[in-house]
Amino acid sequence: MSHLRAFAAFWWDFLVGDDWRLAAGIAVTLALTALLAHHGIGAWWLIPLAVAFLLTTSLRRATRSGGSS
Amino acid sequence: MPPRAEGNGDRATTPRASAAISCALENEPARRSMSTALLFASAFLASAVEMVEALTIVLAVGVVRGWRSPLVGVAAAMVVLAAVVAALGPALRLMPIDALRLAVGALLLCFGLQWLRKAILRAGGYKPLRDEKQVFRAQTAEAAAAACRGGKAGLDWYAFTIAFKGVLLEGLEVAFIVVSFGGTQGRLWLAATAAAAALLTVGVVGVVVHAPLARVPENAIKFAVGLLLTTFGSFWAAEGAGVQWPGGELALPVLLAFLALLALLLARTLRRQRHALQPLGADA
């Protein structure tokens, strides 16, 4: 069981990293982009804006906690 | 850039569309060489910085416990990494191009934002910079303290395992990056060549210097790799989601410039914030 947990923890750390909200934000952004593109709306601007927002808010959270997270 | 799944042959009958296609074909070599250069740089830098970290571990173990077992560990890890690239690379070609770009783009965005976030926190003084000399000292002390147990085939299993794990763990992310870049652009050989060139460069310098490569500006390289991964990740994920970028691949340098400006601005803001929080004379 501990091996299974260690394996899951490795992949979580590998793919998601220190801030799970970044990965969740990327997933939501991609879903929104696909939805807009499906309805014929040119949504090329959405991902860069979302990246800027996600990175800024993630850094703000990290600096509030002293940068340890 | 491989052709998209959906064709547009019916549009090619109008003079305006013909002119657009001619223009696109004329610009194709320039676009391709630009994306080739960015692709090579991304795979080379990501591999180099991870290999510098792996080299420190291997050197520390080798200096204390002899070279045979760690080198066998390095070779074994390389075989596993090559197998990962060889197995995943062709498998990715079976995926539809849009699904592939969406999946790879999402993965690169996750990696890129993680790298960039850590690099900005380090540049801003909120995370300590990685000190290869300090890591080397810690690893050396640990290797010296560990019990020396001989194993099968006359290997020192402690030295073998530490070198194997070090190279495998540092190299796994690189393997994913190489497969993602190579698979999406249909140029796995180019990404693999860049990674091999980085490995060779770091290996040769490591043998010559025979010490951890403490002078390599690791955080600056990680900053650059984070930017490149986030740029390609954003580009491919958007294309995979059905978005057409204005200017096609020419959007890549614009996207890179936007993200670089944002990251530099954030790093500067964090540095100022950190200095304002500290009493005069104190260092981060």
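In which kind of crossing, left-handed or right-handed, does helix 3 of chain B pass helix 5 of chain B? The crossing is left-handed. By convention, the near helix is then turned anticlockwise from the far one by less than a right angle, whereas clockwise would be right-handed.

The model is predicted; local features need pLDDT of at least 70, side-chain atom pairs count only at pLDDT 80 or more, and totals for chains, interfaces and linings use all residues. Residues are numbered from 1 along each chain as its sequence is written, with chains lettered from A and ligands numbered from 1 in the order in which they are written.

Chain B has 8 helices and 0 strands. Helices (H or I, at least four residues) and strands (E, at least two) are DSSP runs, numbered from the N terminus. Of the 284 residues in chain B, 43% are buried. Buried means 20 or more other C-beta atoms within 10 Å of a residue's own; exposed means 12 or fewer, and partly exposed lies in between, with C-beta atoms placed from the backbone.

Two packed helices are described by the angle between their axes and the distance between the axes. Helix 3 (residues 97-123) and helix 5 (residues 157-185) of chain B pack at about 145°, with axes 10 Å apart. Axes are lines fitted to C-alpha atoms, for helices over the stretch in contact, and angles run from 0 to 180 degrees between N-to-C directions. Residues in contact have C-beta atoms, placed from the backbone, within 7 Å. Helix 3 of chain B contributes B:Leu100, B:Arg101, B:Val104, B:Leu107, B:Leu108 and B:Phe111. The residues of this helix contact divide into 7 nonpolar, 3 polar and 2 charged. Here Ala, Val, Leu, Ile, Met, Phe, Trp, Tyr, Cys and Pro count as nonpolar, Asp, Glu, Lys and Arg as charged, and the others, Gly among them, as polar.

The largest nonpolar core has 94 residues. Such a core is a set of buried Ala, Val, Leu, Ile, Met, Phe, Trp, Tyr and Cys residues joined through C-beta atoms within 7 Å. B:Val178 is among the residues with the most contacts inside it. Beyond its neighbours within four places in sequence, B:Val178 touches B:Ala43, B:Val85, B:Ala191, B:Ala192 and B:Ala195.

The contact between the chains takes 26 residues from chain A and 29 residues from chain B. Helix 3 of chain A gives the largest share of the chain A side, 11 residues. That side divides into 17 nonpolar, 8 polar and 1 charged. In helix 2 of chain A lies A:Ala31. A:Ala31 counts as exposed because it has 11 C-beta neighbours inside 10 Å.

Notes: Two residues are in contact if their C-beta atoms, placed from the backbone, lie within 7 Å.
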